[in-house]
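The report below walks through one structure, beginning with a pair of helices and moving on to other features. Please keep the sequence and the 3D view at hand while reading.

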Amino acid sequence: MEKIKVGISSCLIGNKVRYDGGHKHDRFITDTLGKYFEYVAVCPEVEYGLPVPREAMRLTGSPENPRIVTIKTNIDHTEGMLKWAEKRLHELEKENLCGFIFKSKSPSSGLQGVKIYSEKGVPVKRGVGIFAMAFIKRFPLIPVEDDGRLNNPEIRENFIERIFVYKRWCDFLKKNVDARGLIDFHTDHKYLIMAHSPKHLTELGRIVSDMKHFKGDTRIRESYIKILMEGLKLMATKKKNRNCLLHIMGYFKKDLTGDEKKELLEIIENYSKGLIPLIVPVVLINHYVKKYKKDYLKRQVYLNPHPMELMLRNHV
Ligand code: SF4
């Protein structure tokens, strides 16, 4: 499998670029995700020209327009950093990134909740690091997360799932950019979208069904991917997954015996009560998909959204 290009704060893959000369190597990121992702490392502070080690910095000002200044000497690096970021983002555009993992809490790389200090040196507000903010403004569709939030299994699953969807979208844009291609893409993702947001599924279904102006009109696919990525940010809860699984179960009503139906239903209910992980009903359904040759379900990304080895659906 071709590795997916994902941007990353350089210190997270073990590069000693932090202000204190250290790193923040995250083994899950390099050893587990690294089997599927090819990382493009960015250290805003070092690439902008600051040395290692260096004086620590912090954010000041407003959350909308924060400034990045050194803590002891009060040197303001905002303009220089923004100028550098513009150039770097232009380069990153050519990398075709499908995600970015930022280092939490950093005044340059932090994605959310970064402390913003008053003139007296007291943290008074929270905001986004200078580079992270420039990145999300430039690439609003690319999935982003920070290393801290990835410790939460639900957030981790959601984020990685979105990276795989975005990669499939980029591949789609390279080949089947016609009405048929978009209908196929949407069909493949139907249950995945349903698991996140039935409302977005309806909205996307409307876009896909009105395809007559699709040829050569990039606005339709632009609004499709915008709504899709927005919908996938909503968490696939147990309740929504249960609904999806029951829909899928409906495809086997003529195939399964009474006992098999009872068993599958019991597994789905146990999943929705938090007694077993999502992977359990999904494995059983995949078994029936193969056994009863359900081609429509075979193509559903929901049943196989990312490599099983990542064990993203193994939590309760
Ligand atoms: S948090 Fe960002 S700026 Fe700080 S060392 Fe890591 S990559 Fe560099």
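## Helix 10 and helix 11

The axes of helix 10 (residues 238-249) and helix 11 (residues 258-272) come within 9 Å and cross at roughly 170 degrees, where axes are lines fitted to C-alpha atoms, for helices over the stretch in contact, and angles run from 0 to 180 degrees between N-to-C directions. Helices (H or I, at least four residues) and strands (E, at least two) are DSSP runs, numbered from the N terminus. Helix 10 and helix 11 are therefore roughly antiparallel to each other, given that angles under 35 degrees count as roughly parallel, over 145 as roughly antiparallel, 65 to 115 as roughly perpendicular and the rest as oblique.

In the contact between them, K238, K239, R242, L245, L246 and M249 of helix 10 meet L264, I268, Y271 and S272 of helix 11, and two residues are in contact if their C-beta atoms, placed from the backbone, lie within 7 Å. By class, the residues of this contact are 6 nonpolar, 1 polar and 3 charged; Ala, Val, Leu, Ile, Met, Phe, Trp, Tyr, Cys and Pro count as nonpolar, Asp, Glu, Lys and Arg as charged, and the others, Gly among them, as polar.

## About the model

This is a predicted model, in which local features need pLDDT of at least 70 and side-chain atom pairs count only at pLDDT 80 or more, while totals for chains, interfaces and linings use all residues. Residues are numbered from 1 along each chain as its sequence is written.

## Two further helix pairs

The axes of helix 3 (residues 78-93) and helix 4 (residues 130-138) come within 10 Å and cross at roughly 40 degrees, which makes helix 3 oblique to helix 4. On helix 3, the residues T78, M81, L82, A85 and L89 meet I130, F131, A134, F135 and R138 on helix 4, and this contact divides into 8 nonpolar, 1 polar and 1 charged.

For helix 5 (residues 153-174) and helix 9 (residues 218-233), the axes come within 10 Å and cross at roughly 165 degrees, so that helix 5 is roughly antiparallel to helix 9. Here E161, R162, V165, Y166 and W169 of helix 5 make the contact with I225, M229 and L232 of helix 9, a set with 6 nonpolar, no polar and 2 charged residues.

## Domains

The domain assignment of the chain, which is automatic or taken from a database, gives domain 1 (4-151), domain 2 (153-233) and domain 3 (238-308). The C-alpha centres of domain 1 and domain 2 lie 29 Å apart, and 11 residues of domain 1 are in contact with 11 residues of domain 2. On the side of domain 1 that touches domain 2, there are 7 nonpolar, 2 polar and 2 charged residues.

## Around the ligand

Of the 13 residues around the ligand, C11, C43, K103, S106 and S109 come nearest, where a residue is near a molecule if its C-beta atom, placed from the backbone, lies within 6 Å of it. Helix 2 (residues 44-48) supplies the largest share of this shell, with 3 residues, and the shell as a whole divides into 5 nonpolar, 5 polar and 3 charged.

## Backbone details

Most residues other than glycine have a negative phi, and most peptide bonds are trans. A cis peptide bond, with omega of about -5 degrees, joins V52 and P53, and P53 lies in the loop between helix 2 and strand 3 (57-61). N74, although not a glycine, has a positive phi of about 60 degrees, and N74 lies in the loop between strand 4 (66-70) and helix 3.
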